[in-house]
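Colleague: I am new to reading structures, and I would like to learn how to look at charged side chains and at sheets. Could we go through one together?

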Amino acid sequence: MRRKYIIISLIIIVLNNVNLFSQTTISDSVFMKKSLMTLASESMKGRFPGSIEDKKAADFIADKLSEHGYVAYFKSGMLAPFSFTNNRSVQPGAMISLKGVRLSENIDFSIPPFSPDCSVKSEIVDGNGQKTVDYKGKFVKIKSAKDSIRFIVTELADKGAVGVIYYLEGVESLDDSKTGTAYQMRIPVVQVRASVATKMNDGDSFEADYKVKPIKETTYNVIAILKAQNSIGTILIGAHYDHLGMGGKETGSMRPDRNEIHYGADDNASGVSAIIEIGRLLAKSKKELKYDVVIAAFGAEERGLLGSSVLADTLAKLDKRPAIMFNLDMVGRMVGNKFQVGGVGTFKGADSLTDVINRQMMLGLTKTKDGMGPSDHASFYNKGVPVLYFTTGVHQQYHTPDDK
């Protein structure tokens, strides 16, 4: 318990001093500010996963950890590459026929990039307002906007539908984007014009044959270790380093109309700057460490916690789960001394322990017990690892070009 107290205290103390947007001047914070200014600089162009700047950011983090005496966790080096689906591209030559008559692509229909490949002959059933219809083995025609169709598809797939045809009543325009989201639906999806949808009746024959190609990219986890002299286990301190690049509709930007650099100073250059500094301070006390310290900067968090999932899976398969995982995501905008800690229900004594430590910090502390959530700690909690998640919370600049 004493060892965990020391480690948690150190992390909270560092975070309490990482409010880089205030006028506070603390000697150690200069190191964090330099790291933050580099990661959130214009030259990093928002650190989009798979980009040249993504690799530059990973190299920078690895270099900083090396300076502080950390070495590669894996024999292959500090940068652990992994591939991921960055987006999906509808391939030319999509074929749709209704009652044996071929329809025209981009005139009568379009294929959204989130659809899987399709090679299906079936019948149409109208799914609008009908609760007792048998959808099994059918293409379901449904009125829906693009933003809502994803939720509807999941429900229809659960009911046995083999595909979905969607349209918006009175709308003849099509979304003809051929490249888009990395997310793939469970069953094929086709968009048609409203006038085409009116010609589709229950029992009409429907055939679809097309392909959607995943476009793969490579990004990295940066994984470094500081070994204790007589280690009794491992702790992992992590933060994701990627962000949204130039933004856009499929990136998660809150301002998709602004094709500008999304700097990601708080999200999550702040977290990475903090873990580098925590790593430096722990290295200065290396002789006192009882645990090996692993510092991990995760890639492609914004694409679905991909980097942390890769590492958590790998460590579980190697039977090298850490004793605890600390996650720092958006720790640079403390307002009114308010601070959030998640995961205090994931190991015994965590709740009371944070209260004891906070008597020194005097923070306006908000605690949550769950180890789940939309950040990298969830990947480790899913593998049975106790976690603590630190954040100063969401703000108006979140996922916009103004987070700088």
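Modeller: Let us begin with R321, which in this predicted model counts as partly exposed because its relative accessibility is 41%, a value between the 20% and 50% cut-offs.

Colleague: With which residue does R321 form a salt bridge?

Modeller: Side chains of opposite charge can pair when their charged atoms come close. Here R321 forms a salt bridge with D319, and the closest N and O atoms are 3.9 Å apart, while D319, at 62% relative accessibility, counts as exposed.

Colleague: Where in the chain do the partners D403 and R333 lie?

Modeller: The side chains of D403 and R333 meet in a salt bridge of 3.7 Å, N to O, and this pair links distant parts of the chain, with D403 in the segment after β18 and R333 in the loop between β15 and β16, 70 residues apart. D403 counts as buried at 0% relative accessibility, and R333 counts as buried at 18%.

Colleague: How should I read the sheet, and in what order do its eight strands come?

Modeller: Strands of a sheet pair through backbone hydrogen bonds, either parallel or antiparallel. In this structure eight strands form an open sheet with mixed pairing, in the order β4-β3-β11-β6-β7-β8-β10-β5. Because β4 and β5 stand at the edges, each with a single partner strand, one side of each is left without a neighbour in the sheet.

Colleague: How many bridges join β3 to β4?

Modeller: Two bridges join these antiparallel strands, and the bridge partner of S97 in β4 is R102.

Notes
Residues are numbered from 1 along each chain as its sequence is written. This is a predicted model: local features need pLDDT of at least 70, side-chain atom pairs count only at pLDDT 80 or more; totals for chains, interfaces and linings use all residues. Side-chain values use heavy atoms; hydrogens and water are left out. Two strands pair if DSSP finds at least two bridges between them. Helices (H or I, at least four residues) and strands (E, at least two) are DSSP runs, numbered from the N terminus. A salt bridge is a side-chain nitrogen of Lys or Arg within 4 Å of a carboxyl oxygen of Asp or Glu. Buried means under 20% relative accessible area, exposed over 50%, partly exposed in between (1.4 Å probe, protein chains only).
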